[in-house]
Structure formats: C-alpha cells, structure tokens
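Let's take a walk through a protein model together. Have the sequence and the 3D view ready, and follow along one stop at a time.

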Amino acid sequence: IFEIKLRIKGGMGYNGFNFKKNIFLILASITMIGALINYSYLIITKPINAKYDLHSGIQNKINIEVENAEKQAQTALNRISNNPTISKFDLIQNNGYPLYIFQNKAIIYWSDSFLVPRFEDIKDIETPKLLELNQNKVIAICKTEIINKDTLKAVSFINIFKYYRTQNDYL
C-alpha cells in the first residue's frame, strides 16, 4: 500500500519509492517548507507592520495634542471676546501648553517665558506648523479673531525639542 512504483525512461526498468523508508525525508521536507513560509510571511512582514504601528501611534498622539492645544487657544479667545476687560490672571489655564496672545501684533499675554515668539515668526500660521525658534522645535497652533477692530491671535506651542545651553549626557 505504501509503495509507489515509478517508471524511469531509458530502459533502466522499475524503481520503487518506499514511504516507510523515507518518512523522515518527507517530514523534513514538509518542515523546511513550513519554516520558509513562516519566515517569509511572519518574520519579514512583522517589522514593517511594527514600524507602521509605531508611526500611526505617534501620529495619533500628535493629533490629540494638537486638538487639545487648539481648544486651549480657542477658549482663551472666547473668554476675551466675551469679556474684553478680562484680567491676564483670569486667562491662566494650566493645560501644559504655553499660550501667547497678541493684540494688534503686540504681545499682551504669555503663560511661559521660556520661549516667547516674535509676531513675525507666527503671523502667517493658519494651520498647525512645525517651527524652529531659538533652536527649539515646536508645533505652533494659532487661532485668530477680530474683536472691536482689534486683531487677536492666540498661539499655543507643543514642545517637540527643547534646547538647553548645557548639552551633556545627563540632560
């Protein structure tokens, strides 16, 4: 039952292939084919998927941060438009994003003094944009409103890289 008879051309006669004698050869061949399929499909494609997952995870985190910074900037502008005589201390909101408010190109409020932008650096920003200011890298989010003939621009920064004067392995 386990014997397959092969006929070879050329008059050599009859050669038999015995499964019982060659079972280990057959199992080794099947195992090798399975290992190659496993390597080519799982091992080679996995780093690409992991890299994609990492990038999409970072992008999702950035999108969440940008959305929160936009809300902070818009909330500050809404509070000013509802009460034009609001004090600067009433604008303070600790959301973790530095907030700067310009009125007619002059800064009137800042929540962080580490990196105060010039109006020329942010005047043309309408959508979130990566900026390099004083060797610091930030994503700048700007919201603009016109209130009583005054142009208000709220700018919020998401810090990407902070430059420190002293650069060493311990910072």
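Let's begin at Lys 105, which sits in the loop between β3 and β4. Those labels come from DSSP runs, numbered from the N terminus: a helix is H or I over at least four residues, and a strand is E over at least two. Before we go further, a word on ground rules: this is a predicted model, where local features need pLDDT of at least 70 and side-chain atom pairs count only at pLDDT 80 or more, while totals for chains, interfaces and linings use all residues. Residues are numbered from 1 along each chain as its sequence is written, and side-chain values use heavy atoms, with hydrogens and water left out.

Back to Lys 105. What is its phi? Lys 105 has a positive phi of about 70°, although it is not a glycine. That's worth a second look, because most residues other than glycine have a negative phi. Lys 105 is also exposed, with a relative accessible area of 63%. Here "buried" means under 20% relative accessible area, "exposed" means over 50%, and "partly exposed" is in between (using a 1.4 Å probe and protein chains only).

Now look at Asn 104, which is found in the loop between β3 (99–103) and β4. Asn 104 has a positive phi too, near 50°, and is not a glycine either. With a relative accessible area of 41%, Asn 104 is partly exposed.

Next, follow the chain to the loop between β4 and α2 (119–122), where you'll find Ser 113. Is Ser 113 buried or exposed? At 61% relative accessibility, Ser 113 counts as exposed. Ser 113 and Leu 99 are 14 residues apart in sequence, and their C-alpha atoms are 10.0 Å apart in space.

Time to zoom out to the sheet. In which order do its strands lie? This open sheet of five strands runs β4-β3-β7-β6-β5, with antiparallel pairing. Two strands count as paired if DSSP finds at least two bridges between them. At the edges are β4 (106–110) and β5 (129–133), each pairing on one side only. On average, neighbouring strands of this sheet are turned by 35° against each other, direction ignored. (The axes behind that angle are lines fitted to C-alpha atoms, for helices over the stretch in contact, and angles run from 0 to 180 degrees between N-to-C directions.) Inside the sheet, β6 (residues 136–147) and β7 (residues 150–161) run antiparallel and are joined by 11 bridges.

Side chains of opposite charge can pair when their charged atoms come close. How many salt bridges does a search of the whole structure find? It finds three, where a salt bridge is a side-chain nitrogen of Lys or Arg within 4 Å of a carboxyl oxygen of Asp or Glu.

One joins Glu 65 and Lys 61, at 3.0 Å from N to O. These two are four residues apart in helix α1 (residues 23–82), so about one helical turn separates them. Glu 65 counts as buried at 19% relative accessibility, whereas Lys 61 is partly exposed at 48%.

Another links Glu 67 with Lys 71, whose closest N and O atoms are 3.6 Å apart. Both lie in helix α1, four residues apart, about one turn of the helix. Glu 67 is partly exposed, at 43%.

The remaining salt bridge pairs Arg 118 with Asp 121, with 2.9 Å between the closest N and O atoms. Arg 118 is exposed at 52%, and Asp 121 is partly exposed at 25%.
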